[in-house]
Amino acid sequence: MTIRKLAVLLVSGLGVYTGAAFAHHSFSAEFDAAKPIKLTGIVTKVEWTNPHVWFYVNVKDPATGQVANWGAEMGPPHGLQRSGWRRETLKIGDEVTIDGYMARNGANRINARTVTLTATGARPGQTLDANSSAGTTN
């Protein structure tokens, strides 16, 4: 391999790495620690991917009866696995209660601190740490 080809590969690899690093955000850029929220809803989708696991729940507003879909951000898959999570812990149709923090922009997004599985979940009544990035620079 020539030095020129090696240099091109090295620069290309660094470009991919730095792009991924810049795509990662801090908690305070997206979420507001001064706005805690607790939601209960039905899981509609689970995205078990890096850098954060996301899941979505349909939440019914008790005042209006309207249903809104909320996205909940958790920590990275490897951190969640250390806390007892598995890919199959959340299933579509499960009811969960999420404690976390609202999005700064008012969107239906939450940074989850804990997730409690109800009787329909894989571990009924268990509360799991969601590896929130609150208070860190992750």
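**Exercise 1. Strand pairing**

Task: In this predicted model, in which sense do strand 1 (residues 31-47) and strand 4 (residues 95-103) pair, and over how many bridges? Then find which residue of strand 4 is the bridge partner of phenylalanine 31.

Solution: 
- Step 1. Compare the directions of the strands. Strand 1 and strand 4 pair in the antiparallel sense.
- Step 2. Count the bridges. There are 8 between strand 1 and strand 4.
- Step 3. Start at phenylalanine 31 and cross over. Its bridge partner in strand 4 is alanine 103.

**Exercise 2. The hairpin**

Task: Describe how strand 4 pairs with strand 5 (residues 109-117). Then look at glycine 106 in their hairpin.

Solution: 
- Step 1. Strand 4 also pairs with strand 5 in the antiparallel sense, here over 7 bridges.
- Step 2. Pick one position. Isoleucine 98 stands opposite valine 115 in strand 5.
- Step 3. Go to the turn. The hairpin has 5 residues between the strands. Glycine 106 takes a positive phi there, near 85 degrees.

**Exercise 3. An aromatic pair**

Task: How many aromatic pairs does a search of the whole structure find? Classify the arrangement of tryptophan 54 and tyrosine 56.

Solution: 
- Step 1. The search finds 1 aromatic pair.
- Step 2. Tryptophan 54 and tyrosine 56 form it, at 6.3 Å centre to centre.
- Step 3. The planes are 20 degrees apart. Planes under 30 degrees apart count as stacked, and this pair is stacked.
- Step 4. Check accessibility. Tryptophan 54 has 13% relative accessibility, so it counts as buried. Tyrosine 56, at 22%, is partly exposed.

**Exercise 4. Arginine 86**

Task: Where is arginine 86 placed, and which backbone oxygen does its side chain reach?

Solution: 
- Step 1. Arginine 86 is in the loop between helix 3 (77-82) and strand 4.
- Step 2. Its relative accessibility is 38%, so arginine 86 counts as partly exposed.
- Step 3. The side chain of arginine 86 reaches the backbone oxygen of glutamine 81 at 3.1 Å.
- Step 4. Compare sequence with space. Arginine 86 and tryptophan 48 are 38 residues apart in sequence, and 9.4 Å apart from C-alpha to C-alpha.

Technical notes
Residues are numbered from 1 along each chain as its sequence is written. This is a predicted model: local features need pLDDT of at least 70, side-chain atom pairs count only at pLDDT 80 or more; totals for chains, interfaces and linings use all residues. Side-chain values use heavy atoms; hydrogens and water are left out. Two strands pair if DSSP finds at least two bridges between them. Helices (H or I, at least four residues) and strands (E, at least two) are DSSP runs, numbered from the N terminus. Rings of Phe, Tyr and Trp (its six-membered ring) pair if their centres lie within 6.5 Å; planes under 30 degrees apart count as stacked, over 60 as edge-to-face and the rest as tilted. Buried means under 20% relative accessible area, exposed over 50%, partly exposed in between (1.4 Å probe, protein chains only). A polar contact is a pair of N or O atoms within 3.5 Å; within protein, one must be able to donate a hydrogen and the other to accept it, and residues adjacent in sequence count only if both atoms are side-chain atoms.
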